[in-house]
Amino acid sequence: MKREINRVKRPGVLLITAAVSVAVGISSFTLAARAAASSDPLQLIASVRSAKPGAISATALITLQGIVRNAGDGGGGEQVLTEARALPTPVGAHASYVIPSRTGDMCFFAEGVGEWCGPPLTLTEPVQFGVEDNDGPGGTGPLAFGLAADGVESITFSEDDTLHIVPVHQNVFEFVGAPSASVNSFTNVYATFADGHQVRVTAP
Amino acid sequence: MKRPRMHVVALGIAVCCLPIVAAFFGGRALAAMTRGRTLAPLSQTETYCNVCLLRSNGVPASSSLRGNFVDNQISTVSKADLQIYAYYPATNYVSCSMAKDNVAFLYFGCLPASSQAEERCHLLHGTGPESAICKADYGP
(Lines give C-alpha, C1' and ligand atoms only; values in the text may rest on other atoms or scores of the structure.)
Protein backbone atom coordinates (compact mmCIF):
# COMPACT_ATOMS: atom_id res chain seq x y z
CA MET A 1 0.00 0.00 0.00
CA LYS A 2 2.85 2.41 0.93
CA ARG A 3 4.66 1.65 -2.30
CA GLU A 4 1.51 2.39 -4.28
CA ILE A 5 1.09 5.74 -2.53
CA ASN A 6 4.72 6.64 -3.28
CA ARG A 7 4.22 5.71 -6.91
CA VAL A 8 1.20 7.98 -7.07
CA LYS A 9 3.01 10.85 -5.27
CA ARG A 10 6.27 10.73 -7.28
CA PRO A 11 4.82 12.05 -10.54
CA GLY A 12 3.36 14.95 -8.56
CA VAL A 13 6.70 15.74 -6.98
CA LEU A 14 8.42 15.52 -10.35
CA LEU A 15 5.83 17.80 -11.92
CA ILE A 16 6.22 20.37 -9.15
CA THR A 17 10.02 20.22 -9.44
CA ALA A 18 9.81 20.65 -13.20
CA ALA A 19 7.35 23.53 -12.86
CA VAL A 20 9.55 25.26 -10.28
CA SER A 21 12.61 24.81 -12.52
CA VAL A 22 10.79 26.27 -15.52
CA ALA A 23 9.52 29.19 -13.42
CA VAL A 24 13.01 29.89 -12.06
CA GLY A 25 14.45 29.68 -15.58
CA ILE A 26 11.87 32.07 -17.01
CA SER A 27 12.34 34.50 -14.12
CA SER A 28 16.12 34.48 -14.52
CA PHE A 29 15.80 35.04 -18.28
CA THR A 30 13.32 37.88 -17.77
CA LEU A 31 15.50 39.52 -15.12
CA ALA A 32 18.60 39.20 -17.30
CA ALA A 33 16.74 40.65 -20.30
CA ARG A 34 15.43 43.52 -18.17
CA ALA A 35 18.89 44.20 -16.79
CA ALA A 36 20.33 44.26 -20.31
CA ALA A 37 17.56 46.54 -21.57
CA SER A 38 17.83 48.95 -18.67
CA SER A 39 21.62 49.19 -18.68
CA ASP A 40 22.56 52.84 -18.76
CA PRO A 41 23.98 53.81 -22.17
CA LEU A 42 25.84 56.67 -20.48
CA GLN A 43 27.50 54.55 -17.82
CA LEU A 44 31.04 54.87 -19.24
CA ILE A 45 30.88 58.66 -19.70
CA ALA A 46 31.80 60.16 -16.34
CA SER A 47 31.74 63.75 -17.62
CA VAL A 48 27.95 63.66 -18.06
CA ARG A 49 27.02 61.44 -15.13
CA SER A 50 26.30 64.41 -12.88
CA ALA A 51 24.95 66.62 -15.69
CA LYS A 52 21.32 67.63 -15.48
CA PRO A 53 19.19 65.68 -18.00
CA GLY A 54 17.53 67.83 -20.64
CA ALA A 55 19.63 70.91 -19.91
CA ILE A 56 20.47 71.80 -23.47
CA SER A 57 20.46 75.09 -25.34
CA ALA A 58 17.25 76.30 -27.03
CA THR A 59 18.83 76.18 -30.49
CA ALA A 60 20.15 72.64 -29.92
CA LEU A 61 16.69 71.60 -28.73
CA ILE A 62 14.99 73.03 -31.81
CA THR A 63 17.52 71.34 -34.13
CA LEU A 64 17.18 68.03 -32.32
CA GLN A 65 13.39 68.18 -32.35
CA GLY A 66 13.56 68.73 -36.10
CA ILE A 67 15.95 65.78 -36.48
CA VAL A 68 13.75 63.50 -34.37
CA ARG A 69 10.58 64.51 -36.22
CA ASN A 70 12.21 64.10 -39.63
CA ALA A 71 13.97 60.83 -38.82
CA GLY A 72 10.70 59.13 -37.84
CA ASP A 73 10.65 55.64 -36.34
CA GLY A 74 13.93 53.95 -35.52
CA GLY A 75 17.40 55.47 -35.80
CA GLY A 76 17.53 59.10 -34.80
CA GLY A 77 13.77 59.26 -34.31
CA GLU A 78 13.93 57.36 -31.03
CA GLN A 79 16.12 59.81 -29.14
CA VAL A 80 14.88 60.77 -25.68
CA LEU A 81 15.59 64.50 -25.70
CA THR A 82 14.48 64.97 -22.09
CA GLU A 83 17.43 62.75 -21.15
CA ALA A 84 19.98 64.67 -23.24
CA ARG A 85 23.08 65.68 -21.32
CA ALA A 86 25.55 68.39 -22.19
CA LEU A 87 29.20 67.40 -22.36
CA PRO A 88 31.59 69.82 -20.66
CA THR A 89 33.95 69.79 -23.66
CA PRO A 90 32.81 71.26 -26.99
CA VAL A 91 33.64 69.83 -30.40
CA GLY A 92 35.24 72.37 -32.73
CA ALA A 93 33.91 75.13 -30.40
CA HIS A 94 30.41 73.68 -30.71
CA ALA A 95 28.42 72.47 -27.71
CA SER A 96 28.05 68.71 -27.70
CA TYR A 97 25.56 66.34 -26.12
CA VAL A 98 24.93 62.66 -25.52
CA ILE A 99 21.36 61.47 -25.84
CA PRO A 100 19.99 58.03 -24.97
CA SER A 101 17.70 56.31 -27.46
CA ARG A 102 14.70 54.04 -26.89
CA THR A 103 16.43 51.49 -29.13
CA GLY A 104 19.24 51.15 -26.58
CA ASP A 105 21.61 53.16 -28.77
CA MET A 106 23.37 56.31 -27.72
CA CYS A 107 23.39 59.42 -29.88
CA PHE A 108 26.20 61.96 -30.00
CA PHE A 109 25.19 65.43 -31.21
CA ALA A 110 27.59 68.30 -31.83
CA GLU A 111 25.65 71.49 -32.42
CA GLY A 112 26.36 72.92 -35.86
CA VAL A 113 28.34 69.81 -36.80
CA GLY A 114 26.25 66.67 -36.92
CA GLU A 115 24.93 63.65 -35.11
CA TRP A 116 25.09 59.87 -35.08
CA CYS A 117 23.33 57.14 -33.14
CA GLY A 118 25.09 53.87 -32.46
CA PRO A 119 25.91 51.33 -29.78
CA PRO A 120 26.80 52.72 -26.33
CA LEU A 121 30.45 52.73 -25.36
CA THR A 122 31.82 49.53 -23.87
CA LEU A 123 35.24 48.44 -22.70
CA THR A 124 35.71 46.45 -25.92
CA GLU A 125 34.38 49.29 -28.16
CA PRO A 126 35.46 52.25 -26.01
CA VAL A 127 35.44 54.94 -28.72
CA GLN A 128 33.01 56.42 -31.22
CA PHE A 129 35.14 57.94 -33.97
CA GLY A 130 33.52 60.00 -36.72
CA VAL A 131 34.79 62.37 -39.39
CA GLU A 132 33.20 65.32 -41.14
CA ASP A 133 34.47 67.56 -43.91
CA ASN A 134 32.45 70.67 -44.69
CA ASP A 135 34.22 71.97 -47.73
CA GLY A 136 35.76 68.89 -49.31
CA PRO A 137 39.37 68.18 -50.18
CA GLY A 138 41.58 71.23 -50.45
CA GLY A 139 39.71 73.48 -48.04
CA THR A 140 39.80 73.28 -44.27
CA GLY A 141 40.95 69.84 -43.20
CA PRO A 142 38.39 67.26 -42.05
CA LEU A 143 37.39 67.20 -38.40
CA ALA A 144 37.88 63.82 -36.72
CA PHE A 145 36.00 63.77 -33.45
CA GLY A 146 34.09 61.61 -31.06
CA LEU A 147 33.50 60.15 -27.66
CA ALA A 148 35.75 57.97 -25.54
CA ALA A 149 34.88 55.86 -22.53
CA ASP A 150 36.17 56.56 -19.05
CA GLY A 151 39.80 55.56 -18.75
CA VAL A 152 40.73 56.24 -22.38
CA GLU A 153 43.55 58.77 -22.30
CA SER A 154 44.29 59.21 -25.99
CA ILE A 155 43.38 58.13 -29.52
CA THR A 156 46.06 57.03 -31.94
CA PHE A 157 45.46 56.86 -35.69
CA SER A 158 47.01 57.26 -39.09
CA GLU A 159 45.92 60.06 -41.35
CA ASP A 160 47.18 59.24 -44.85
CA ASP A 161 50.20 57.39 -43.37
CA THR A 162 51.00 60.06 -40.76
CA LEU A 163 50.64 58.88 -37.18
CA HIS A 164 48.78 61.12 -34.73
CA ILE A 165 48.12 60.85 -31.00
CA VAL A 166 45.18 62.96 -29.81
CA PRO A 167 44.42 63.44 -26.10
CA VAL A 168 40.93 62.83 -24.70
CA HIS A 169 39.43 65.61 -22.57
CA GLN A 170 36.42 64.69 -20.43
CA ASN A 171 35.40 61.87 -22.80
CA VAL A 172 35.70 64.00 -25.95
CA PHE A 173 38.45 64.28 -28.57
CA GLU A 174 38.90 66.21 -31.79
CA PHE A 175 41.51 66.61 -34.47
CA VAL A 176 41.65 68.78 -37.59
CA GLY A 177 43.30 66.93 -40.44
CA ALA A 178 45.39 68.19 -43.33
CA PRO A 179 43.55 70.13 -46.06
CA SER A 180 44.32 67.36 -48.54
CA ALA A 181 42.75 64.68 -46.32
CA SER A 182 39.21 63.35 -46.72
CA VAL A 183 36.78 61.62 -44.37
CA ASN A 184 38.23 58.29 -45.54
CA SER A 185 41.84 59.17 -44.72
CA PHE A 186 41.77 57.89 -41.14
CA THR A 187 42.93 54.33 -40.47
CA ASN A 188 44.44 52.17 -37.72
CA VAL A 189 42.56 53.84 -34.90
CA TYR A 190 43.41 52.73 -31.36
CA ALA A 191 42.20 53.81 -27.94
CA THR A 192 44.95 53.95 -25.32
CA PHE A 193 43.92 53.49 -21.68
CA ALA A 194 45.66 54.99 -18.67
CA ASP A 195 47.41 51.68 -17.94
CA GLY A 196 48.87 51.67 -21.46
CA HIS A 197 46.78 48.93 -23.00
CA GLN A 198 45.27 49.61 -26.42
CA VAL A 199 42.00 48.63 -28.05
CA ARG A 200 41.48 48.79 -31.81
CA VAL A 201 38.59 51.04 -32.80
CA THR A 202 36.42 51.00 -35.91
CA ALA A 203 36.73 54.17 -37.94
CA PRO A 204 35.48 55.34 -41.30
CA MET B 1 -15.38 116.32 -13.55
CA LYS B 2 -14.64 116.26 -17.25
CA ARG B 3 -15.21 112.86 -18.88
CA PRO B 4 -12.39 111.69 -21.16
CA ARG B 5 -13.23 111.52 -24.81
CA MET B 6 -13.95 108.12 -26.32
CA HIS B 7 -10.93 108.07 -28.63
CA VAL B 8 -8.58 108.86 -25.75
CA VAL B 9 -10.04 105.97 -23.77
CA ALA B 10 -9.72 103.67 -26.79
CA LEU B 11 -6.11 104.74 -27.29
CA GLY B 12 -5.36 104.13 -23.62
CA ILE B 13 -6.89 100.66 -23.77
CA ALA B 14 -4.95 99.87 -26.95
CA VAL B 15 -1.65 101.00 -25.42
CA CYS B 16 -2.32 98.95 -22.28
CA CYS B 17 -3.39 95.85 -24.17
CA LEU B 18 -0.69 95.89 -26.83
CA PRO B 19 2.06 94.33 -24.66
CA ILE B 20 -0.39 91.69 -23.41
CA VAL B 21 -1.46 90.76 -26.95
CA ALA B 22 2.17 90.78 -28.14
CA ALA B 23 3.22 88.57 -25.22
CA PHE B 24 0.34 86.17 -25.93
CA PHE B 25 1.18 85.73 -29.61
CA GLY B 26 4.92 85.75 -28.93
CA GLY B 27 4.45 83.03 -26.35
CA ARG B 28 2.40 80.97 -28.77
CA ALA B 29 5.04 81.37 -31.46
CA LEU B 30 7.81 80.35 -29.06
CA ALA B 31 5.79 77.38 -27.83
CA ALA B 32 5.14 76.26 -31.39
CA MET B 33 8.81 76.55 -32.25
CA THR B 34 10.00 74.70 -29.19
CA ARG B 35 7.57 71.91 -30.01
CA GLY B 36 9.58 71.59 -33.21
CA ARG B 37 6.94 73.27 -35.34
CA THR B 38 7.75 76.59 -36.89
CA LEU B 39 4.83 78.82 -37.79
CA ALA B 40 5.82 78.89 -41.44
CA PRO B 41 7.72 76.01 -43.01
CA LEU B 42 11.34 77.10 -43.32
CA SER B 43 12.49 74.09 -45.27
CA GLN B 44 11.16 71.10 -47.15
CA THR B 45 12.32 67.51 -47.12
CA GLU B 46 13.29 65.33 -50.04
CA THR B 47 13.32 61.62 -49.20
CA TYR B 48 15.65 60.44 -51.90
CA CYS B 49 15.94 56.87 -50.66
CA ASN B 50 12.71 55.56 -49.18
CA VAL B 51 13.46 52.10 -47.77
CA CYS B 52 15.81 51.49 -50.64
CA LEU B 53 18.46 48.79 -50.62
CA LEU B 54 21.96 50.19 -50.41
CA ARG B 55 24.44 47.64 -51.69
CA SER B 56 27.79 46.69 -50.21
CA ASN B 57 29.57 47.88 -53.35
CA GLY B 58 29.12 51.46 -52.11
CA VAL B 59 26.89 52.68 -54.95
CA PRO B 60 25.09 55.71 -53.49
CA ALA B 61 21.48 56.82 -53.53
CA SER B 62 21.19 60.36 -54.93
CA SER B 63 18.76 63.21 -54.46
CA SER B 64 17.71 65.62 -57.17
CA LEU B 65 19.97 68.52 -58.07
CA ARG B 66 19.40 71.65 -55.97
CA GLY B 67 21.28 74.71 -54.87
CA ASN B 68 19.77 75.09 -51.41
CA PHE B 69 20.23 71.93 -49.36
CA VAL B 70 20.67 72.51 -45.63
CA ASP B 71 21.21 69.03 -44.22
CA ASN B 72 21.39 65.34 -45.04
CA GLN B 73 20.70 62.16 -43.08
CA ILE B 74 20.62 58.38 -43.33
CA SER B 75 18.84 55.79 -41.17
CA THR B 76 19.42 52.06 -41.52
CA VAL B 77 17.65 49.07 -40.01
CA SER B 78 20.89 47.49 -38.83
CA LYS B 79 24.17 49.13 -37.97
CA ALA B 80 26.57 49.69 -40.85
CA ASP B 81 29.42 51.93 -41.94
CA LEU B 82 27.67 55.02 -43.30
CA GLN B 83 28.58 58.12 -45.26
CA ILE B 84 26.52 61.09 -46.39
CA TYR B 85 27.78 63.89 -48.61
CA ALA B 86 26.95 66.49 -51.22
CA TYR B 87 28.13 65.79 -54.77
CA TYR B 88 28.55 68.34 -57.55
CA PRO B 89 28.18 66.47 -60.86
CA ALA B 90 29.45 69.41 -62.91
CA THR B 91 32.83 69.40 -61.17
CA ASN B 92 32.94 65.89 -59.68
CA TYR B 93 33.49 67.60 -56.31
CA VAL B 94 32.38 66.41 -52.86
CA SER B 95 31.58 68.49 -49.77
CA CYS B 96 29.45 68.30 -46.63
CA SER B 97 30.79 64.82 -46.08
CA MET B 98 30.37 62.88 -42.85
CA ALA B 99 31.28 59.27 -42.15
CA LYS B 100 30.90 56.95 -39.17
CA ASP B 101 31.28 53.22 -38.74
CA ASN B 102 28.84 50.90 -37.00
CA VAL B 103 25.86 53.25 -36.59
CA ALA B 104 22.20 53.21 -37.61
CA PHE B 105 21.76 56.97 -37.97
CA LEU B 106 23.93 59.76 -39.30
CA TYR B 107 22.97 63.43 -39.68
CA PHE B 108 24.96 66.36 -41.00
CA GLY B 109 23.69 69.95 -41.02
CA CYS B 110 25.83 71.52 -43.73
CA LEU B 111 25.28 74.01 -46.51
CA PRO B 112 26.86 72.94 -49.78
CA ALA B 113 28.41 75.65 -51.94
CA SER B 114 25.79 77.62 -53.80
CA SER B 115 26.26 75.69 -57.03
CA GLN B 116 23.88 72.82 -57.81
CA ALA B 117 24.56 69.69 -55.79
CA GLU B 118 23.05 66.27 -55.14
CA GLU B 119 22.81 64.92 -51.61
CA ARG B 120 23.95 61.31 -51.41
CA CYS B 121 24.12 58.40 -48.95
CA HIS B 122 26.01 55.14 -49.18
CA LEU B 123 27.65 52.32 -47.26
CA LEU B 124 31.36 52.04 -46.60
CA HIS B 125 33.86 49.20 -46.32
CA GLY B 126 31.69 46.59 -47.97
CA THR B 127 29.09 46.63 -45.20
CA GLY B 128 25.51 45.85 -46.25
CA PRO B 129 23.41 45.35 -48.26
CA GLU B 130 21.25 47.44 -46.00
CA SER B 131 17.73 48.80 -46.12
CA ALA B 132 17.95 52.57 -45.65
CA ILE B 133 16.06 55.84 -45.60
CA CYS B 134 17.97 58.91 -46.77
CA LYS B 135 16.51 62.42 -46.53
CA ALA B 136 17.73 65.92 -47.18
CA ASP B 137 16.16 69.24 -46.22
CA TYR B 138 16.28 72.20 -48.56
CA GLY B 139 14.97 75.69 -48.70
CA PRO B 140 13.44 78.05 -47.92
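Select chain A to begin: of its 204 residues, 40% are buried. Keep in mind as you click around that this is a predicted model.

Now colour chain A by secondary structure. You'll find 3 helices and 11 strands. How far apart in sequence are the residues that touch? Taking contacts in chain A between residues at least 6 apart, 53% join residues at least 24 apart.

Next, pick out strands E8, E7, E10 and E11 of chain A. In that order they make an open, antiparallel sheet of 4 strands. Which strands stand at the edges? Strand E8 (162-167) and strand E11 (198-201) do, and each has a single partner strand, so one side of each has no neighbour in the sheet. Look along the sheet and you can follow a twist that averages 25 degrees from one strand to the next.

Zoom in on E7 (residues 152-159) and E10 (residues 186-193) of chain A: the two run antiparallel and are joined by 6 bridges.

Last stop, the largest nonpolar core, with 77 residues. Tyr97(A), Val98(A), Ala148(A) and Leu106(B) have the most contacts inside it. Strand E4 of chain B (residues 93-109) supplies the largest share of this core, 10 residues. Finish by selecting Leu106(B): leaving out residues up to four places away in sequence, it touches Trp116(A) from chain A, along with Gln73(B), Ile74(B), Leu82(B), Ile84(B), Met98(B) and Lys100(B).

Technical notes: Residues are numbered from 1 along each chain as its sequence is written. Chains are lettered from A and ligands numbered from 1 in the order in which they are written. This is a predicted model: local features need pLDDT of at least 70, side-chain atom pairs count only at pLDDT 80 or more; totals for chains, interfaces and linings use all residues. A nonpolar core is a set of buried Ala, Val, Leu, Ile, Met, Phe, Trp, Tyr and Cys residues joined through C-beta atoms within 7 Å. A residue is buried if 20 or more other C-beta atoms lie within 10 Å of its own, exposed if 12 or fewer, and partly exposed in between; C-beta atoms are placed from the backbone. Two residues are in contact if their C-beta atoms, placed from the backbone, lie within 7 Å. Two strands pair if DSSP finds at least two bridges between them. Axes are lines fitted to C-alpha atoms, for helices over the stretch in contact, and angles run from 0 to 180 degrees between N-to-C directions.
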